[in-house]
Amino acid sequence: MMKFAVTPGFQTGGTIFKPEQLAVLGSIVGENAKIELTTFKQLYVEMQEEKIDEVKEKLSGIGLEIYPTGFVTKSLITCNFCRGAEDAGLEMAEALNISISGIETPTPLEIGYAGCALGTSEPLLKDIGVVKMRDTFDIYVGGEPKSLKPSFAVLLLSDVQADRLIPMVQKLIHHFQQHGKMKEKFSKFINRVTIEALREAIAE
């Protein structure tokens, strides 16, 4: 058995599976397959290895996106873009998702995106949170929701220009790759290296 992740991508209105996509998914994975809804806004599909490439191809053909599971950056968790695709930065979110999804990391990494300060995708509870503030972006780090003592992410950088957003987020991920310990949560990594050192490292 092997496992992969499936999403419908994102759009104005949210993360929406079409009924026909779910029907195809259920009909081709096999009766022994398991489909799990995760907190990453992904479906995890576990199925027989010998049919997995064929299934992935068919799912891609009906507009679904395929991602790896495990210790990687998850596909971008976004808001519903309620202010409209342009004002909320849907195009930027799509580009950010392509640039960060599936990168191997010491522990699974959740990255959130909100198109305005309402933050309906809860970016301050993600490992890395991006919030669009009019024409620039704020980057937060270190959110930790899975604990008896949850904590909000803290502001790392503000007023980041659009052309610098993706490189800055990639630098954060790569710094975690290089200096994080195996199975170390991102919030604990930040506490260990300090927010000031992290800010300096990605500014180089």
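**Figure 1. Contacts around Ile173 in the predicted model.** Leaving aside neighbours within four places in sequence, Ile173 touches Thr73, Ile100, Ile103, Thr105, Leu109, Ile111 and Ile128. The model shown here is predicted. Ile173 sits in helix 5, which spans residues 162-179. Its relative accessible area is 0%, so Ile173 counts as buried. The cut-off for buried is under 20%. The C-alpha atoms of Ile173 and Glu104 are 9.2 Å apart in space, and the two residues are 69 apart in sequence.

**Figure 2. The aromatic pair of Tyr113 and Phe137.** Across the whole structure, a search finds 7 aromatic pairs. One of them joins Tyr113 and Phe137 in a tilted arrangement. The ring centres lie 6.5 Å apart, and the planes make an angle of 50°. Tyr113 belongs to strand 6 (residues 111-114) and Phe137 to strand 8 (residues 136-141), so the pair ties together parts that are 24 residues apart in sequence. Tyr113 and Phe137 are both buried. A pair of aromatic rings is described by two values, the distance of the centres and the angle of the planes.

Figure 3. Ring pairs link Phe10, Phe81, Tyr113 and Phe137 into a cluster. Phe81 is placed in the loop between strand 5 (77-78) and helix 3 (85-88). Its relative accessibility is 0%, so Phe81 is buried. The backbone also deserves a look. Phi of Phe81 is near 50°, a positive value in a residue other than glycine. Most residues other than glycine have a negative phi.

**Figure 4. Arg134, a second residue with positive phi.** Arg134 is not a glycine, yet its phi is positive, at about 60°. Arg134 lies in the loop between strand 7 (128-133) and strand 8. Is Arg134 buried or exposed? Arg134 has a relative accessible area of 77%, so it counts as exposed. The cut-off for exposed is over 50%.

**Figure 5. Phe17 and its contacts.** Phe17 is found in the loop between strand 1 (2-7) and helix 1 (19-28). Which residues does Phe17 contact, leaving aside its neighbours within four places in sequence? They are Val6, Thr7, Pro8, Leu22, Leu43 and Leu64. The relative accessible area of Phe17 is 22%, so this residue is partly exposed. Phe17 and Ala93 are 76 residues apart along the chain, and 18 Å separates their C-alpha atoms.

Figure 6. Gly30 occupies the loop between helix 1 and strand 2 (34-37). Its relative accessibility is 34%, so Gly30 counts as partly exposed. Val55 is 25 residues away from Gly30 along the chain. The C-alpha atoms of Gly30 and Val55 are separated by 9.8 Å.

**Figure 7. Glu200 in helix 7.** Helix 7 covers residues 195-203 and includes Glu200. Glu200 has a relative accessible area of 57%, so it is exposed. How many residues separate Glu200 and Lys56 in sequence? The count is 144. In space, the C-alpha atoms of Glu200 and Lys56 are 41 Å apart.

**Figure 8. The whole chain, for orientation.** The chain contains 7 helices and 9 strands. Its C-alpha atoms fill a box of roughly 50 × 40 × 35 Å along the principal axes. A compact globule of 204 residues would have a radius of gyration near 17 Å, and the chain agrees because its own value is 17 Å. Of the 204 residues, 47% are buried. Contacts between residues at least 6 apart in sequence were also sorted by separation. Among these contacts, 63% join residues at least 24 apart. The surface comes next. The chain carries 22 positive and 27 negative charges. The mean positions of these two sets are 6 Å apart.

Technical notes. Residues numbered from 1 in each chain as written. Predicted model: local features only at pLDDT ≥ 70, side-chain atom pairs only at ≥ 80, totals over all residues. Heavy atoms only, no water. Helix = DSSP H or I, 4+ residues; strand = E, 2+ residues; numbered from the N terminus. Rg over C-alpha atoms; globule rule 2.2 N^0.38 Å. Buried < 20%, exposed > 50% of the residue type's maximum accessible area, 1.4 Å probe, protein only. Contact = heavy atoms within 4.5 Å. Lys, Arg positive; Asp, Glu negative; His and termini not counted. Charge placed at Lys NZ, Arg CZ, Asp CG, Glu CD. Phe/Tyr/Trp six-rings, centres within 6.5 Å; stacked < 30°, edge-to-face > 60°.
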